[in-house]
Amino acid sequence: MVLMYLTYTWGNHVHQEGKRKNPPLLIERSRSYCRVLALITHYFRFKYCTFNLRFVKMSVVGFDVGYLNCFVAVARAGGIETVANEYSDRCTPACVSFGPRNRAIGAAAKSQVVSNCKNTVQGFKRFHGRAFTDPFVNRQKQSLVYDLAQMPTGTTGIKVMYMEEEKVFSIEQVTAMLLTKLKETAESALKKPVADCVVSVPCYYTDAERRSVVDAAQIAGLNCLRLMNETTAVALAYGIYKQDLPAPEEKARIVVFVDVGHSGYQTSVCAFNKGKLKVLATACDPELGGKDFDEELVKHFCEEFAKKYKLDVRSKPRALVRLYQECEKLKRLMSANSSDLPLNIECFMNDIDVSGKMNRGSFEAMCADVLTRVEAPLHALLENAKLKKEDIYAVEMVGGASRIPSVKERISKFFGKELSTTLNADEAVARGCALQCAILSPAFKVREFSTTDIVPYPVSLKWTSAAEEGLSDCEVFPKNHAAPFSKVLTFYRREPFALEAYYNCPKELPYPDPSIGQFMIQKVVPQASGECSKVKVKVRVNIHGIFSVSSASLVEVQKSDDTEEPMETEQAEKDGETKMQTDQEDQKTQAEGQKESEKKGTPEKKSDQPPQAKKPKVKTKVVELPIENSPQWQLADDMLNLFVENEGKMIMQDKLEKERNDAKNYVEEYVYDMRDKLHGLFEKFVSESVNILSIKLEDTENWLYEDGEDQPKQVYIDKLAELKVLGQPIRERHMEAEERPKAFEELGKQVQLFMKAVEAFKTKEEQYDHLDEANVNKVDKMTSEAMMWMNSAMNQQSKQTLTVDPSVKVKEIQAKTKELFSACNPIMNKPKPKVELPKDDKAAEQNGPANDQDKAPAEPADSDSSENPAGNSQHIDPSF
């Protein structure tokens, strides 16, 4: 009955919570409650809850690594939660600053954007997987405050001064530094190490850019379970909590997601059914975002300040950075206010204060060209998905720049309906990534919810064809093909051959190089008869959206002289001709299992030939072929290992520098704290004639801002120890003076307590009449001695001044109190001996209670049953 009641109560609670945006997970309150809920979970499987914790010590983390800001979401027993950093801010700036001794990452780096602008990098996300000679990189280089450089591999690197040396870090290394900081934030929230994670990437990222992010995660010591498209993460965070989605056999609900971030504009259209999410199409403008609106404001005020104050803002990097910061703040204010808003910057350039103003109307007119670019991706989205505006159920908006009224107005007008903002515009991506990580992790039991993404650009393969004496190509994955997905291609070859993967739509690609990589199939040999061998090549777009040739195998035919049986006949091309057959297979089909059996040499059984087709019995053997992968801009293994090692060294250096700064801060804190107390709380405990400590504190303060500004950690530790040698006795005298009266009072209470007990014994009180007189006399003697010791100690201490060490310390008084209690308490609180019941009463108990026996006092109930086994046996019911 209790279980039924709890089931009903919890089910009703979850049903009510299910109407909200985020139903709760299993909440632990007590062990017993957990056991009951575990039973309910076992039988009812949490019909309404999204997922529940399985009590496995594993991390479930989602990272939204943005252009400007980052967010970290974790899965806990209470649900998905966006965690805060050490500054109690859930938003961590995507910023890394390099100094002479250490790195600063996140909020600490953001504070150095102006003061250390040449060595503080942000916005590096756009350079992933790009060559230094990329036209996009050359365009962006002009607007950067920090310097770019070419890596030995030809990719883009960032040149900074670190540890007083000029260093060039790859984009993967800098992103790994940021991920390391986000990892620390997650570990601080979860109180355990973090390894498994899901990282967000823009849906328009190409193969090279995705590989670059995966390498960055590996350098940071993270196991990236999935690179998740940002719009897909938003769609998952939207759909997994919906309780009213259509059934699988019903028409899907079509929802459009628009993500307007700081540096990218992404849209996707998704089909939802119960327990299922399918991305139908995506469209984007990688160079449209909130930064374009900032740029228009910066351009306007640069021109205004040039006319008004004769200042060339772009000639001073620090001034330009400050203007960007103020324009971003002004843009946010204009999203909520339509009136004139001021822009004021003190000591902007050449000690000149500048000011200006702007209102929303003028701002929108200024950004007219930017706003016209909003609708183009929306047209492309509907065209790619082959949908009409009437088919759209809802339009959900997220992203920092989605708060700009003119942007929302244009999108709403395009679809002809009000925009939905049920998701957190900033945190939706991180929450979706954490949900995906929970789905992929065994730590959580998650409601079944499948996510099918798409291939954003068509992928083709080309190879040298001996038959056609030239190149042959084939589109393997068309645009908007489902992903992850595998296909098996069949070639007939006599020798090793190469496959080249590339994007066959260079005009649509936001990337100058359409090449994905080259894949060499090695150790291909002809059959024993000299004919071409059948080579099966498995190509795949994996869970990260990265194309790869995952495996290749050669089917070797072995003839036998045994009895004849039907055999498959294939129209193989002769004389070196090449033939390719494509077999599609889903990643979860049993085709892979069949191929495993082929690899083990299991004979193929064919029954699709006519009975009359008789040939000698054959056996097939599948031989795994090695593949030499050469993806575009892929980090080599030795380079990757070197970056991992360097990241570990930099983490250790940061830790050592933090310890050094902490040691310095302890000295500074002690100086200020002790100096104030010497003239306040500790004043009467300091000798007037000997005030060495005050002089020492003043000298230490001067030293900290001169020679002690930059010293090793041990120097600060030693300096603090020197100060404590002089300061600790004063602090202890103060503590003794505070605690001594309380200790004497406690000792006096104990003495009085035992003296009263002795007096009660002497007056023959019934409570103490069972005590031994010799022992009581012993207590009397000990209390008298304790009283004399206390009076003597108090008199002696009263004769001393507060500037010298006390004659008796608190620990001695407490030890005396404990000694007195340990010796006297067992004697004075000795329990009375237990009284046995008369024998007549025992006989009467055999036949039932005697006259008025049930009215007898209950004092004998305290007796131990082991002392009266005979009496005990009378109460045992034989029927038991």
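## Sheets, helices and cysteines in a predicted model

Strand β16 (residues 276-285) runs parallel to strand β21 (residues 450-454), and three bridges link the two. Two strands count as paired if DSSP finds at least two bridges between them. Within this pair, Lys278 has Thr452 of β21 as its bridge partner.

The model is predicted, so local features need a pLDDT of at least 70 and side-chain atom pairs count only at pLDDT 80 or more, while totals for chains, interfaces and linings use all residues. Residues are numbered from 1 along each chain as its sequence is written, and side-chain values use heavy atoms, with hydrogens and water left out.

The pLDDT is the predictor's confidence in each residue, on a scale from 0 to 100. For the protein chain it averages 83, and 81% of the residues score at least 70. Over residues 1-56 the pLDDT is below 50, and this stretch has 75 contacts in the model beyond near neighbours in sequence. Residues 562-613 also have a pLDDT below 50, with 87 contacts beyond near neighbours in sequence. A contact means heavy atoms within 4.5 Å.

The β16 and β21 strands belong to an open sheet of six strands, ordered β19-β14-β15-β16-β21-β24, with mixed pairing. Its edge strands are β19 (394-398) and β24 (482-483), each of which pairs on one side only. Helix α7 (residues 230-239) packs on this sheet and touches β14 (253-260), β15 (265-273), β16, β19 and β21. The direction of α7 makes about 40 degrees with that of β15. Such angles run from 0 to 180 degrees between N-to-C directions, and the axes are lines fitted to C-alpha atoms, for helices over the stretch in contact.

An open sheet of three strands has the order β7-β6-β8 and antiparallel pairing. Here β7 (103-105) and β8 (120-122) are the edge strands, each pairing on one side only. From one strand to the next the twist averages 15 degrees. Strand β6 (residues 95-98) is joined to β7 by three bridges, and Val96 has Ile105 of β7 as its bridge partner.

Another antiparallel pair is formed by strand β25 (residues 485-493) and β28, over nine bridges. The bridge partner of Lys487 in β28 is Val539. Strand β28 (residues 533-541) is mostly covered, with nine of its nine residues buried. Buried means under 20% relative accessible area, exposed means over 50%, and partly exposed lies in between (1.4 Å probe, protein chains only). In a regular strand the side chains alternate between the two faces of the sheet. In β28 both faces are covered: Ser533, Val535, Val537, Val539 and Val541 are buried on one side, and Lys534, Lys536, Lys538 and Arg540 on the other.

Lys534, in strand β28, counts as buried because its relative accessible area is 13%. Lys534 is 40 residues from Arg494 in sequence, and their C-alpha atoms are 8.9 Å apart in space. The loop between β28 and β29 (547-559) holds His544. His544 is likewise buried, with a relative accessible area of 13%. Not counting residues up to four places away in sequence, His544 touches Arg210, Val214, Cys224, Leu225, Arg226 and Leu227.

Two helices can be checked against their expected span, which is 1.5 Å times one less than the number of residues. Helix α14 (residues 428-440) has 13 residues and should span 18 Å; its end C-alpha atoms are 19 Å apart, which agrees. Eleven of the 13 residues of α14 are buried, among them Arg431, Cys433, Gln436 and Cys437. Helix α19 (residues 773-798) has 26 residues and should span 38 Å, in agreement with the 38 Å between its end C-alpha atoms. The buried residues of α19 are Val776, Val779, Met782, Thr783, Ala786, Met790, Ala793 and Gln797. These buried residues pack against α18 (713-762) and α20 (810-828).

The cysteines remain. A disulfide is taken as a pair of cysteine sulfur atoms within 2.5 Å, and a search of the whole structure finds zero. Cys91 is in no disulfide, and the nearest cysteine sulfur, that of Cys70, is 7.9 Å away. Cys91 is classed as buried because its relative accessible area is 19%. Cys117 is also buried, at 6%.

Conventions:
Helix = DSSP H or I, 4+ residues; strand = E, 2+ residues; numbered from the N terminus.
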